[in-house]
Amino acid sequence: MPSSSSFTFWSLIVGSQVCGLSAYILLQSWLHIYNDGFDWNSDVSHLIQNYHALFMTLGFLLLFGEATLAYRLLARSRASYLLQKSVHATILITATIIWVVGLTAAFKARNLDKTHGKEVKHFYSFHSWIGLLLLVIFLCQFLWKAYSVRINSVAPQKLCFAIAWYAHARLISPTLQATYQSVHVFNGLFLFTLSAATCFTGLNELGIYKAENYRLLSSSGIHLNFVGIAMLGFATTIGYLLWKPEFKLTPPVGSAATIDSVDHVENNL
């Protein structure tokens, strides 16, 4: 990579991390200052719902974005391909656990509203629809990936990497795997875009329903808009890093130009 491209790459990496961290801190502070904070065992539904807003943003957008950057970053440190995949998988698994907690919070808050006599349906908004679509597509991709990979004869000292879900030998043909890989990459970009859209629509709902005097440009509304700007900065920089061809290193020798080469992984084991 030319020095100018390298400078641009690392500048965007730093910028994405600043935006991502800012989005998380700003959102958490807004939920504390303007929406009464967090209490999982509360009888007040929005104190539980706040966990949904924070955790889904952390899992859907921020950790998902970090997972997509794993290959870009680790390849430049000459990390083994197995390590790159293990870090990618570990971040996604962590994000999935956080999604489950965040989704549970939404159901718990909605059910609490019903016990208080409020007629509120699950999955009634566009925000919830695209969030559900995101979860379904992600689950399908996860199951396909889990099916297409198996662990076999892994050296004990490398077992911790292999258990991180991506490892070792293929169950499907190289031709089908190569075809799937192009779909997998597209799905990753599509899912990240859908994640950002889900977070933006959720943030818009917070502004409309929870921000006091939002239409009057209140401090609560301004604070929430800065959360959106930070999210937009994170999503844009991550998207550009993934889209720009010169930021993608060529596959390692022995990888057969595919992301999941059996030979390359076996050599690293």
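The exercises below, each with a worked solution, go through a predicted model of a protein chain.

Residues are numbered from 1 along each chain as its sequence is written. In this predicted model, local features need pLDDT of at least 70 and side-chain atom pairs count only at pLDDT 80 or more, while totals for chains, interfaces and linings use all residues, and side-chain values use heavy atoms, with hydrogens and water left out.

**Exercise 1. The overall plan**

Task: State how many helices and strands the protein chain has, and give their pattern along the sequence.

Solution: Begin with the terms: helices (H or I, at least four residues) and strands (E, at least two) are DSSP runs, numbered from the N terminus. By this count the protein chain has 8 helices and 2 strands. Reading along the sequence then gives the pattern α-α-α-α-β-α-β-α-α-α. As a last step, consider burial, where buried means under 20% relative accessible area, exposed means over 50%, and partly exposed lies in between (1.4 Å probe, protein chains only); of the 269 residues in the protein chain, 46% count as buried.

**Exercise 2. Helix α2 and two other helices**

Task: Decide how α2 is oriented towards α3 and towards α7.

Solution: Two packed helices are described by the angle between their axes and the distance between the axes. Here axes are lines fitted to C-alpha atoms, for helices over the stretch in contact, and angles run from 0 to 180 degrees between N-to-C directions. Angles under 35 degrees count as roughly parallel, over 145 as roughly antiparallel, 65 to 115 as roughly perpendicular and the rest as oblique.

Take α2 (residues 45-76) and α3 (residues 81-115) to begin with: they pack at an angle of about 165°, and their axes are 8 Å apart. That makes α2 roughly antiparallel to α3. Turn next to α7 (residues 219-243), whose axis comes within 10 Å of that of α2 and crosses at roughly 25°; α2 and α7 are therefore roughly parallel to each other.

For the handedness, a crossing is left-handed if the near helix is turned anticlockwise from the far one by less than a right angle, and right-handed if clockwise. The crossing of α2 and α3 is left-handed, and the crossing of α2 and α7 is left-handed too.

**Exercise 3. A charged pair**

Task: Find which side chains meet in a salt bridge, and classify each residue as buried, partly exposed or exposed.

Solution: Side chains of opposite charge can pair when their charged atoms come close. A salt bridge requires a side-chain nitrogen of Lys or Arg within 4 Å of a carboxyl oxygen of Asp or Glu. The structure holds 1 salt bridge, and its partners are lysine 244 and glutamate 246, at 3.7 Å from N to O. Lysine 244 counts as buried because its relative accessibility is 19%, whereas glutamate 246, with 37%, is partly exposed.

**Exercise 4. A nonpolar patch and positive phi values**

Task: Name the residues of the nonpolar patch on the surface, then describe the phi angles of phenylalanine 123 and leucine 217.

Solution: Patches are made of residues with over 30% relative accessible area and no salt bridge, with like charges joined within 9 Å and nonpolar side chains (Val, Leu, Ile, Met, Phe, Trp, Tyr) within 5 Å. Phe123, Phe126, Trp129, Leu132 and Val136 form the patch, and together they have about 520 Å² of accessible area, from the Shrake-Rupley method with a 1.4 Å probe, where for residues only the protein chains shown count as cover. Phenylalanine 126 lies in helix α4 (residues 126-148) and is exposed, at 57%. Phenylalanine 123 sits in the loop between α3 and α4 and is partly exposed, at 33%.

Phenylalanine 123 has a phi near 55°, a positive value in a residue other than glycine. Leucine 217, also not a glycine, has a positive phi of about 60°; leucine 217 is in the loop between α6 (174-209) and α7 and counts as exposed at 62%.
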